[in-house]
Amino acid sequence: MILPIVGYGDPVLRKVGEAITPDYPNLKEIIANMYETMYNAYGVGLAAPQVGMAIRLFVIDTTPFSDDEDLSSDEQKKLKGFKKTFINPKIIKEEGEEWSFNEGCLSIPDVREDVYRKPTVTIEYCEEDFVVKTEVFDGLVARVIQHEYDHIEGVLFTDKISSLKKRLIQKKLKNITEGKTFQDYKIKFFAAKKGR
């Protein structure tokens, strides 16, 4: 089932997600719905807060990035078919020299900005089997993980840009909060919720 994506301004996007257990209600269905919602919106990652749930869960499929001609063939191979569910993730360390990449977010439509992140990330997490594993990821896969991980910590990519850039996108952010933006996927605007 395709879920509405929560738009910028909704308090759920600022909550730190709670850890979940294997008996979390309808977990398999929630995960399936999150993948369906992400694919419907042409995203490469989606975190539970973006569909209104303040829990420590996000899904990723970087395959769409694998067609990018500007990337090395190694990076393209890494991205193709990289699909993973992260439950109760914990970033253990981020390493390397920060690099910039133009990021966007399904909860903040029509806003894209260059964000600096470290290239390598070590993360502890569970997949649907709840077996804890620790893995190291790098490049764009690491970046998508960091972006989604921020969501379960109540952090948005717009928090990581300069104050000048923040001022420049203020109007766009206000429009999103007020529901004055259009995109071709279901989005739940904060102002519309308040007005009910």
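Predicted model: local features only at pLDDT ≥ 70, side-chain atom pairs only at ≥ 80, totals over all residues.
**Stop 1: the strands.** Select β4, residues 83-95.

**Stop 2: Ile87.** Which residue of β4 is the bridge partner of Leu57? Select Ile87. Ile87 also stands opposite Cys126 in β7. Show its contacts, leaving out residues up to four places away in sequence. Ile87 touches Leu57 and Cys126, along with Ile20, Leu27, Ile31, Arg56, Tyr125, Glu127, Glu128 and Phe130.

**Stop 3: the cores.** Ile87 and Leu57 belong to the largest nonpolar core, which has 38 residues. Both are among those with the most contacts inside this core, as are Met34, Leu46 and Ile108. Colour the elements that give two or more residues to the core: β1 (5-6), α1 (27-40), β3, β6 (108-117) and α4 (163-177). Of these, α1 gives the most, with 6 residues. Then pick out Phe58, Ile60, Phe137 and Ala142. They are part of a second, separate core of 19 residues.

**Stop 4: the pocket.** Move to the largest pocket, with a volume of about 400 Å³. Which residues lie nearest its centre? Select Val44, Glu103, Gly104, Cys105 and Arg112. The whole lining has 23 residues. β5 (99-105), β6 and α3 (139-152) are the elements that each give two or more of them. Colour the lining by type: 12 nonpolar, 6 polar and 5 charged.

Conventions:
Residues numbered from 1 in each chain as written. Heavy atoms only, no water. Pairing = 2+ DSSP bridges. Helix = DSSP H or I, 4+ residues; strand = E, 2+ residues; numbered from the N terminus. Core = buried A, V, L, I, M, F, W, Y, C linked by side-chain atoms within 4.5 Å. Buried < 20%, exposed > 50% of the residue type's maximum accessible area, 1.4 Å probe, protein only. Contact = heavy atoms within 4.5 Å. 1 Å grid on protein atoms, 1.4 Å probe; cavity = no way out; pocket = protein on both sides within 12 Å on 5 of 7 lines; lining within 4 Å. Points joined across faces, edges and corners; volume = space filled by probe spheres on them. Nonpolar A, V, L, I, M, F, W, Y, C, P; charged D, E, K, R; others polar.
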